[in-house]
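Good morning, and thank you for coming. I ask you to keep the sequence and the structure in view while I speak.

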Amino acid sequence: DRKKIEEYKYLIMLGLDRESLNELSKGDSYMEEYTKKVEELNDRDIYTPWITPEEDERMILNTERHIGYNQGMEQGLQQGKLETIKSFLQNGVDIHTVSASTGLSIEQLQQYI
């Protein structure tokens with residue numbers, strides 16, 4: 001939608017690569033000047049990426065794996081707790097004792113009986 005692009009082009013440009021930014025800025029003196037300044041900044045050594053795109057991708061993948069691992073561990077721990085609670089209830093441990101020990105309500109525990 002050309003009208004929306006024109007209306008929001010100053011926000012859209014924040015996530016664009018050089019080629020797309022140049023295309024969007026054509027005919028708009030403010031945008032062309034902005035694009036020129038951004039390119040000058042990006043060309044400075046201080047802004048040179050300190051890692052390659054491949055290293056960045058690897059780091060992102062490792063982070064996602066770490067998050068997934070932690071979520072899996074948490075789910076496993078929760079599952080283990082539920083199985084222990086079920087076992088207590090099925091083996092005759094008083095539901096009030098289990099409730100007091102686990103912090104779960106009687107209503108929550110009744111689903112495991």
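The buried residues of helix 3 are Met31, Thr35 and Val38; buried means under 20% relative accessible area, exposed over 50%, and partly exposed in between, with a 1.4 Å probe and protein chains only. Seen down the axis of helix 3, these buried residues fall within an arc of 65°, so they line one face of the helix. The arc is that of the directions from the helix axis to the C-beta atoms. An α-helix has 3.6 residues a turn, so residues three or four places apart point the same way.

Please note that this is a predicted model, in which local features need pLDDT of at least 70 and side-chain atom pairs count only at pLDDT 80 or more, while totals for chains, interfaces and linings use all residues. Residues are numbered from 1 along each chain as its sequence is written, and side-chain values use heavy atoms, with hydrogens and water left out.

What covers the buried residues of helix 3? The cover includes helix 1 (2-12) and helix 2 (18-25), where contact means heavy atoms within 4.5 Å. The face of helix 3 turned away from its buried side carries the exposed residues Ser29 and Tyr30.

Helix 3 itself spans residues 29-42, which is 14 residues. From its first C-alpha to its last it reaches 20 Å, close to the 20 Å expected at 1.5 Å a residue; the expected span is 1.5 Å times one less than the number of residues. Helices (H or I, at least four residues) and strands (E, at least two) are DSSP runs, numbered from the N terminus.

Let us turn to the start of this helix. Asp28 lies in the loop between helix 2 and helix 3. A side-chain oxygen of Asp28 reaches to within 3.0 Å of the backbone nitrogen of Tyr30. At 13% relative accessibility, Asp28 counts as buried. Leaving aside its neighbours within four places in sequence, Asp28 is in contact with Lys9 and Tyr10.

Finally, the whole chain. Its secondary structure comes to 6 helices and 0 strands. The radius of gyration of the protein chain is 28 Å, well over the 13 Å that the globule rule gives for 113 residues, so the chain is more spread out than a compact globule. This radius is taken over C-alpha atoms, and the rule is 2.2 Å times the number of residues to the power 0.38. The C-alpha atoms fill a box of roughly 80 × 35 × 20 Å, taken along the principal axes. Of the 113 residues, 15% count as buried.

Key:
Polar contact = N/O pair within 3.5 Å; in protein donor to acceptor, adjacent residues only side chain to side chain.
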